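Trainee: I've got a model on my screen and some questions about it. Can we go through it together?

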Amino acid sequence: MPQTQGTLTQNPLEKTWVPWMKSRLSRRRGSSVPQFTNSPTMIVMVGLPARGKTYISKKLTRYLNWIGVTTKVFNVGQYRRDATRSYNNFEFFRPDNTEAMKIRKACAIAALKDVCDYFSTEQGQVVRTIQRLIKICSCEVFDATNTTAERREVILSFAKENGYKVFFVESVCDDPEIIAENIKQVKLSSPDYVNCDKEEAVTDFLKRIECYKMTYVPLDDKDKNLSYIKIFNVGSRYLVNRVQDHIQSRIVYYLMNIHVTPRSIYLCRHGESELNLVGRIGGDSGLSPCGAKFAGALGVYMQGQCIRDLKVWTSHMKRTIQTAEALGVQYEQWKALNEIDAGVCEDMTYEEIQKNYPEEFALRDQDKYRYRYPKGESYEDLVQRLEPVIMELERQENVLVICHQAVMRCLLAYFLDKSADELPYLKCPLHTVLKLTPVAYGQSNIHLLPLFHGCKVESVFLNIEAVNTHRDKPENVDVDRDPEEALETVPEHI
């Protein structure tokens, strides 16, 4: 006799993390929240000032947002600036400055409260980065020799009470040249030193570092139960301990690939193709006459950049390969750089897609980032496909990437920290080269060129005419819209 289905004893555990604050269970002091596999993660920066923590935390945040892990930086230093309004000198950071220690402790608590509030209002898997948390860890009012370890315990207790995971990222640097360069490039433009003589600012900041050294206790073997990565001298060596989950492994993988060597990354699309001329998407056509001219002009432009050991990457598609051939240098072909797969819509014009698949056309306009072509890909899929390319770009120095419109949008969104909603509408015109020069965060005042999230951007049009392939989002995205409304933003073509 078949058994009847029993009543579930608990609700199915959803993948979306739900804040515990409204649980039916009473919250007693000292109690903790169950830590699920997809619980939020606090990434806690550790290290003395001028060790690149700002650079690391912002780059890491940008990467995690790009791969779809919602991430935000909570800068405790900014809490301190907001609380004090003005900065006098390094004396504020002395461990025996009782009044200052009270302010710094209050700022730390305020930052942790905001972390909790933010997690409680966010849905899904979220990771938050508390930047420069060493300023909390090394700032305690009590026993100076145990300050940092004690404050880490405060953070860990806070995380345990709220069901968060904790991953420490410690930057250790004892190279005087690296420290001096970081102070020169970043710290002198800090709000703490506005209208301050440079030499006086450097002297004061070095004394501030000495204040932190008085109570600084690095992560070591006594912390073997904690999850962390130690980065020595901006990547010359790493120490990884107790990685707990997929997110933490991705963090480690990323941090072990980035470097600070000055370089430029050049992004451009292939020369205008035969299918571009007639408004057809996808396909594998060759270059048009204007596209061939652009390939030649690109070779001249890159020669003028006078770059030794330039690496050139293309997709496996004919139009990028033909563009690279005109450069007269060796190039690598990446299948990951192939254009987004339009599935059943490959080789079609937008007019044909509207005629044959009007509902699909409207659905893509409603959510262009997540929409997946039937038997094809979405921009979200493309980002995942391009992650190895980003990792290799972070490892390399000077690289020219000859790619496609959707691919270039995804790469550009990473470097410029653009959201998923902005990404599919980034303008990447044909016959234009974007020169991206990563710089340290905080250098925006010394460059005349646009600076976006630590990346200097120079757009160079090579004066070869080409069709426009950019289609803006139409106002009406309803499935039952008129064809004219659906096609109002389609660029002109033959």
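Predicted model: local features only at pLDDT ≥ 70, side-chain atom pairs only at ≥ 80, totals over all residues.

Mentor: Residues are numbered from 1 along each chain as its sequence is written, and side-chain values use heavy atoms, with hydrogens and water left out.

Trainee: What share of the 494 residues counts as buried?

Mentor: Buried means under 20% relative accessible area, exposed over 50%, and partly exposed in between (1.4 Å probe, protein chains only). By that cut-off, the share of the 494 residues that is buried is 52%.

Trainee: How far apart are the end C-alpha atoms of helix α10?

Mentor: Helices are DSSP runs of H or I with at least four residues, strands are E runs of at least two, and both are numbered from the N terminus. The expected span is 1.5 Å times one less than the number of residues, so the 16 residues of α10 (289-304) should span 22 Å. The model agrees, with the ends apart by 23 Å.

Trainee: Which residue with a positive phi follows α10?

Mentor: Within α10, the buried residues include Phe-294 and Leu-298. After the helix, phi is positive, near 50°, at Cys-306.

Trainee: Is Val-240 buried or partly exposed?

Mentor: Val-240 sits in strand β6 (residues 237-241). Its relative accessible area is 35%, so Val-240 is partly exposed.
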